[in-house]
Amino acid sequence: MQVAVVTFDGFNELDSFIASALINRCRKDGLEAFITTPTPVVSSMNGVEVTGQRPMEFVTEADVVLIGSGVKAREVVADERLLSRLPLDPARQLIGSQCSGALVLARLGLLDAMPACTDMKSRPFVEACDVTVLDAPFHAEGNIATAGGCLSSQYLATWVITRALGAAAARDVLDYVAPVGENQQTVERAMHAVQTGEAALR
């Protein structure tokens, strides 16, 4: 399975890089993430320049699409031409957003029937789209998931790995990257967040 980690200019490094790094620990099992950008090079909110691994058009062939956040999210959702390059299909793709990425999903009409998670600064703008924002780090319904807070990107990656390869694969990845001496807590926290987020509102 191929994962497009959509990364706009002004992106948050934690959101794009944590998710892609965790997912790419599953390359040997056929799950691979690519930083996907609307222009050949994008700059992060802290001025880090990154060359995209895939162009935006890659989202049409990706099995999973994760929309990262950034300081220019409101500019992104106001750009009709840019949004037209994101023809997402939850019937055949897993689709997730990180923090202000929820604004993109809302603007694309993908959150009309579900609440979402986002960061505190983005919350009022997501709510202005008539989306209920949860006080939670992760929520998923069907093939759509949202995460709120930079470090919740690990939960978004855990969701993708679990859906693609199973819980055991996700546990293995989390165990590998966990701080020394905190393996069990790290694994259980992430798995609990995803399981709780998927079970909410059932």
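# Questions on a predicted model

User: Is Ala167 buried, partly exposed or exposed in this predicted model?

Analyst: The model is a predicted one. The relative accessible area of Ala167 is 34%. Buried needs under 20% and exposed needs over 50%, with partly exposed in between. So Ala167 is partly exposed.

User: In which helix does Ala167 lie, and which residues is it in contact with beyond its neighbours within four places in sequence?

Analyst: Ala167 lies in helix H7. Set aside its neighbours within four places in sequence. The contacts of Ala167 are then Thr162 and Met191.

User: How far apart in space are Ala167 and Glu32, C-alpha to C-alpha?

Analyst: In sequence, Ala167 and Glu32 are 135 residues apart. In space, their C-alpha to C-alpha distance is 17 Å.

User: Is Asp172 buried or exposed?

Analyst: Asp172 is found in helix H7, which covers residues 167-177. Its relative accessibility is 58%. The cut-off for exposed is over 50%. Asp172 therefore counts as exposed.

User: What distance separates the C-alpha atoms of Asp172 and Arg25?

Analyst: Along the chain, Asp172 and Arg25 are 147 residues apart. The separation of their C-alpha atoms is 9.5 Å.

User: How many helices and strands does the chain have?

Analyst: Helix H7 has already come up as the place of Ala167. The secondary structure of the whole chain comes to 8 helices and 9 strands.

User: Why is the chain described as being as compact as a globular protein of its length?

Analyst: The globule rule gives 17 Å for 202 residues. The radius of gyration of the chain is close to that, so the chain is as compact as a globular protein of that length. The C-alpha trace spans about 45 × 35 × 35 Å along its principal axes. The radius of gyration itself is 15 Å.

User: What share of the contacts with a separation of 6 or more joins residues 24 or more positions apart?

Analyst: Buried residues make up 50% of the 202 residues. Among contacts with a separation of 6 or more, residues 24 or more positions apart account for 65%.

User: What part of the accessible surface belongs to carbon and sulfur atoms?

Analyst: The accessible surface of the chain comes to about 9300 Å². The part belonging to carbon and sulfur atoms is 52%.

User: Which residues are closest to the centre of the largest pocket?

Analyst: The largest pocket holds about 330 Å³ of space. It is lined by 18 residues. Closest to its centre are Gly70, Ser100, Asp119, Lys121 and Ser122.

User: Which residues does Ser16 contact beyond its neighbours within four places in sequence?

Analyst: Ser16 sits in helix H1. At 1% relative accessibility, Ser16 counts as buried. Leaving aside neighbours within four places, its contacts are Val5, Thr7, Phe11 and Ile35.

User: Which residues does Ser20 touch, not counting those up to four places away in sequence?

Analyst: Ser20 is in helix H1, residues 13-23. Its relative accessibility is 8%, so Ser20 counts as buried. With residues up to four places away not counted, Ser20 touches Val5, Ala33 and Ile35.

User: What is the phi of Cys99?

Analyst: Cys99 lies in the loop between strand S7 (94-98) and helix H4 (101-107). At 3% relative accessibility, it counts as buried. Most residues other than glycine have a negative phi. Cys99 is not a glycine, yet its phi is positive, at about 50°.

User: Where does Asp130 lie, and what is its phi?

Analyst: Asp130 is in the loop between helix H5 (123-127) and strand S8 (138-141). With a relative accessible area of 72%, Asp130 is exposed. Its C-alpha atom is 8.0 Å from that of Asp112, 18 residues apart along the chain. Although Asp130 is not a glycine, its phi is positive, at about 65°.

User: Which residues does Val77 touch, not counting those up to four places away in sequence?

Analyst: Val77 is in helix H2, residues 73-77. Its relative accessible area is 14%, so Val77 is buried. The C-alpha atoms of Val77 and Arg107 are separated by 6.5 Å. Beyond residues up to four places away, Val77 touches Leu83, Leu103, Val104 and Arg107.

Conventions
Residues numbered from 1 in each chain as written. Predicted model: local features only at pLDDT ≥ 70, side-chain atom pairs only at ≥ 80, totals over all residues. Heavy atoms only, no water. 1 Å grid on protein atoms, 1.4 Å probe; cavity = no way out; pocket = protein on both sides within 12 Å on 5 of 7 lines; lining within 4 Å. Points joined across faces, edges and corners; volume = space filled by probe spheres on them. Helix = DSSP H or I, 4+ residues; strand = E, 2+ residues; numbered from the N terminus. Rg over C-alpha atoms; globule rule 2.2 N^0.38 Å. Buried < 20%, exposed > 50% of the residue type's maximum accessible area, 1.4 Å probe, protein only. Contact = heavy atoms within 4.5 Å. Areas by Shrake-Rupley, 256 points an atom, 1.4 Å probe, with all protein chains shown as cover.
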